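Reader: I would like to learn how to read a few features of a model from its coordinates. Please take them one at a time.

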Amino acid sequence: MVRRFFLSKLYPIFLNLKAKACLIVGGGKVATRKVKSLLESEANITVISPEVTDQLLNWYNKNLIIWKSKQFDLDDVKKYNLIYACTNDDDLNKEIAKFAKRYDKFVNIATSLEDSNFIVPSKLERGDLSLAISTQGKCPVLAKKVRKDLEAQFDNQWDKYLYFITNFRSRLKNQISCVNKRKRILNEVVRKVSPDDMIEDLDRHDLEVWVDDIIKKLSEGKKL
Ligand SMILES: C[C@@]1(CC(=O)O)C2=NC(=C\c3[nH]c(c(CCC(=O)O)c3CC(=O)O)Cc3[nH]c(c(CC(=O)O)c3CCC(=O)O)/C=C3\N/C(=C\2)[C@@H](CCC(=O)O)[C@]3(C)CC(=O)O)/[C@H]1CCC(=O)O
Ligand SMILES: NC(=O)c1ccc[n+]([C@@H]2O[C@H](COP(=O)([O-])OP(=O)(O)OC[C@H]3O[C@@H](n4cnc5c(N)ncnc54)[C@H](O)[C@@H]3O)[C@@H](O)[C@H]2O)c1
């Protein structure tokens with residue numbers, strides 16, 4: 001019998017954080033990792049910490065983040081959508097969680113799964129393919145290992161493949177109005193064309209010719 005800490009499962013979601021106000025309390029290794037992925041999402045990032053890593057300082061000097069060089073104050077949480085408590089003081093992190101939840105905020109506690117109401121997954125990206133891996137917080141180091149294993153399986157060909165599939169689907173939508181026919185063709189192309197079929201340096205024109213040729217064949221009921 002498997003016992004679970006949470007009665008309900010954590011809900012996986014991809015958030016659009018562009019320009020959303022995010023607060024990171026703490027300026028160490030963990031804070032730096034969380035800020036790195038928030039920067040990729042173009043969030044509006046504030047770091048509160050008396051000291052920060054060289055990397056955070058570098059982002060601050062390039063105006064990519066706001067840094068308030070001070071001790072955290074409870075009132076600091078009010079203005080932010082997402083809050084990450086990444087200090088090395090677990091009692092302080094827990095206090096941040098309590099206060100943030102009073103204001104109905106989403107808060108992530110680097111030292112305590114139990115006090116977090118969202119957690120950060122390990123992630124792998126290949127073009128527009130995003131894989132998020134979580135152990136529901138039970139063993140982050142295992143999530144990291146699974147990510148590394150998947151990195152080998154999903155190699156850089158997937159980048160080109162996602163580009164091909166995106167192009168294919170958009171041209172298919174323009175050419176075939178029947179949803180069921182589109183669905184059949186897409187299923188067929190996903191089954192028959194693999195990332196290994198992607199050609200190096202295929203220019204846009206050649207890609208479109210290739211895509212249209214596949215659409216024509218499949219819509220006429222021919223095999224690939
Ligand atoms: C995936 C990743 C994403 C990221 O952080 O970006 C991530 N942790 C990573 C690495 C990592 N974390 C820790 C170690 C040291 C080994 C160890 O102790 O296990 C390593 C390994 C390393 O650093 O190499 C220690 C640790 N982590 C947490 C606690 C507190 C606790 O367990 O309660 C403690 C003990 C702290 C203490 O001693 O007090 C908690 C969380 N860590 C999570 C995410 C969330 C759950 C994710 C899931 O569902 O699996 C959750 C719940 C909250 C959160 O942080 O969002 C990232 C891998 C990125 C990658 O490389 O792919
Ligand atoms: N969740 C995770 O993914 C994960 C992974 C590894 C470790 N951890 C745990 O997370 C914590 C942070 O790890 P780290 O390696 O970044 O530690 P660190 O010691 O490098 O950084 C701690 C930071 O907290 C800041 N800080 C301390 N008191 C503060 C206050 N009152 N106000 C504002 N900032 C304050 C310090 O200035 C420092 O920048 C540790 O307790 C560690 O065990 C979590």
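Reader: Is Asp104 buried or exposed?

Author: Burial is a neighbour count: a residue is buried if 20 or more other C-beta atoms lie within 10 Å of its own, exposed if 12 or fewer, and partly exposed in between, with C-beta atoms placed from the backbone. Asp104 has 7 other C-beta atoms within 10 Å, so Asp104 is exposed. This is a predicted model, in which local features need pLDDT of at least 70 and side-chain atom pairs count only at pLDDT 80 or more, while totals for chains, interfaces and linings use all residues. Residues are numbered from 1 along each chain as its sequence is written, and chains are lettered from A and ligands numbered from 1 in the order in which they are written.

Reader: Where is Asp104 found, and what is its phi?

Author: Most residues other than glycine have a negative phi. Asp104, in the loop between H3 and S5, has a positive phi of about 60°. Helices (H or I, at least four residues) and strands (E, at least two) are DSSP runs, numbered from the N terminus. Ala19, in the segment before S1, has a positive phi as well, of about 65°. Ala19 is exposed because it has 9 other C-beta atoms within 10 Å.

Reader: How do I read the sheet, and what is its strand order?

Author: Strands of a sheet pair through backbone hydrogen bonds, either parallel or antiparallel. Two strands count as paired here if DSSP finds at least two bridges between them. The sheet is open, with five strands in the order S3-S2-S1-S4-S5 and parallel pairing. Strands S3 (66-68) and S5 (106-109) are the edges, each pairing on one side only. From one strand to the next the twist averages 15°; axes are lines fitted to C-alpha atoms, for helices over the stretch in contact, and angles run from 0 to 180 degrees between N-to-C directions.

Reader: How many bridges join S1 to S2 and to S4?

Author: S1 and S2 (residues 44-48) share five bridges, and Ile24 stands opposite Val47 in S2. S1 (residues 21-25) and S4 (residues 82-85) are joined by four, with Val25 opposite Ala85 in S4. Of the five residues of S1, four are buried.

Reader: Which strands does helix H3 lie across?

Author: Contact means that the C-beta atoms of two residues, placed from the backbone, lie within 7 Å. Helix H3 (residues 90-102) lies across S1, S4 and S5, and runs at about 170° to S5.

Reader: Which residues come nearest to ligand 2?

Author: A shell is read by distance: a residue is near a molecule or strand if its C-beta atom, placed from the backbone, lies within 6 Å of it. Around ligand 2 there are 21 residues, and Gly26, Gly27, Gly28, Val30 and Phe72 come nearest. Helix H1 (residues 29-40) gives the most to this shell, three residues.

Reader: Why does ligand 1 lie between two domains?

Author: Domain bounds come from an automatic or database domain assignment. Domain 1 (21-120) and domain 2 (121-154) both give residues to the shell around ligand 1, so ligand 1 lies between them. The shell has 21 residues, the closest being Val120, Ser122, Ser134, Gly137 and Pro140. H1 and helix H4 (140-153) are the elements that give two or more. H4 has the largest share, five residues.
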